[in-house]
Structure formats: C-alpha cells, structure tokens
Amino acid sequence: MYATDYDPQVLTATRANAEKNTVQLHTLAPEQLPALEADLLLANIVAQPLPTLAPLFARHLRTGGRIVLSGILEQQADEVIAAYQPWFSMLQKIQRDDWMLLEATRTSAKV
C-alpha cells in the first residue's frame, strides 16, 4: 500500500499512524510514486485539486479498478464528476449533509 502527499508533515503523521496500527504502508511524495496500476485509489481531500488530479489518478489505477473521492461539497460534485468522466464510470454518489463521496470504476480509456 502507498500513501502520498505533497506535505512532508502529512507523510510523517501518516507513517506514524500506520506504524501505531501495524499497517504496512509506503509513504512518499507524489514524484516518488513508482509506476504502478493500483486496484483501489482513495482520496479524501478538498475538491479544488481533484479535477487536475484526474489524469494522474487514471494513470495509476488499473482498468476495472475503483476510485473513491471524498471531501467534496455538494455544489462541487458536478465539476469533479465531469473531470473524471473521460477515464471513469460513476458508480455511486453518497451524500451526508453538504458533503459528497463519489465512487467510480476505471474504464479502458487511454490517458
């Protein structure tokens, strides 16, 4: 399992939490991420960078793999969904109060 973030403090905290919970996890900066095709990609971040990250996420997720995006306000969901449509097929949208979670499957479209 890999965890990535641009903030070194987030990586340090993630590494410490993984060790505390005996979870085997590689923590690294995005530019250090090896070429891989994951089965599952989780992103719990604010919505603003999600549209820009769509092609990168598509490159690192195998065809048929699942992506889960959260941290999205209801009024931001349509923009995020539109950005992911070239590579992903939306499975479900779950809403709690003003917050959305989006789940999709990677299609075979090239990046």
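Strand E3, helix H2 and strand E4 make a right-handed β-α-β unit. Right-handed here means that, with the strands pointing away from the viewer, the path from the first strand over the helix to the second runs clockwise. The helices (H or I, at least four residues) and strands (E, at least two) are DSSP runs, numbered from the N terminus.

A quick word on the model: it is predicted, so local features need pLDDT of at least 70 and side-chain atom pairs count only at pLDDT 80 or more, while totals for chains, interfaces and linings use all residues. Residues are numbered from 1 along each chain as its sequence is written, and side-chain values use heavy atoms, with hydrogens and water left out.

**The sheet**

Now for the sheet around that unit. Strands of a sheet pair through backbone hydrogen bonds, either parallel or antiparallel. Here, four strands form an open sheet in the order E3-E4-E6-E5, and the pairing is mixed. Two strands count as paired if DSSP finds at least two bridges between them. Strand E3 (38-44) and strand E5 (88-96) sit at the edges with a single partner strand each, so one side of each has no neighbour in the sheet. From one strand to the next, the twist averages 15 degrees.

E3 and E4 run parallel and are joined by six bridges. E4 (residues 61-73) also pairs with E6 (residues 99-106), this time in the antiparallel sense, over seven bridges. Which residue links both stories? Look at Arg66 in E4: Leu40 stands opposite Arg66, and in E6 the bridge partner of Arg66 is Thr105.

**Helices across the sheet**

Angles run from 0 to 180 degrees between N-to-C directions, and the axes are lines fitted to C-alpha atoms, for helices over the stretch in contact. Contact means heavy atoms within 4.5 Å.

| Helix | Lies across | Angle to E4 |
|---|---|---|
| H2 (residues 50-59) | E3, E4, E5 and E6 | about 160 degrees |
| H3 (residues 77-84) | E4, E5 and E6 | about 165 degrees |

**The core and Tyr84**

A nonpolar core is a set of buried Ala, Val, Leu, Ile, Met, Phe, Trp, Tyr and Cys residues joined through side-chain atoms within 4.5 Å. Buried means under 20% relative accessible area, exposed over 50%, and partly exposed in between (1.4 Å probe, protein chains only). The largest core has 23 residues, and Phe57, Ile67, Leu69, Ile72 and Tyr84 touch the most other members. E3, H2, E4, H3 and E6 each give two or more residues to this core.

Tyr84 is buried, with a relative accessible area of 1%. Leaving aside neighbours within four places in sequence, Tyr84 is in contact with residues including Leu50, Phe57, Ile67 and Leu69.

Tyr84 and Phe88 form a tilted pair, 5.5 Å centre to centre with 50 degrees between the planes. Phe88 counts as buried too, at 4% relative accessibility.

Thr105, in strand E6, is buried at 18% relative accessible area. Beyond neighbours within four places in sequence, the contacts of Thr105 include Gly64, Arg66, Trp87 and Phe88.

Thr14 lies in helix H1 (residues 8-20) and is partly exposed, with a relative accessible area of 26%. Again leaving aside neighbours within four places in sequence, Thr14 is in contact with Ala3, Leu25 and Thr27.

Terms used. Phe/Tyr/Trp six-rings, centres within 6.5 Å; stacked < 30°, edge-to-face > 60°.
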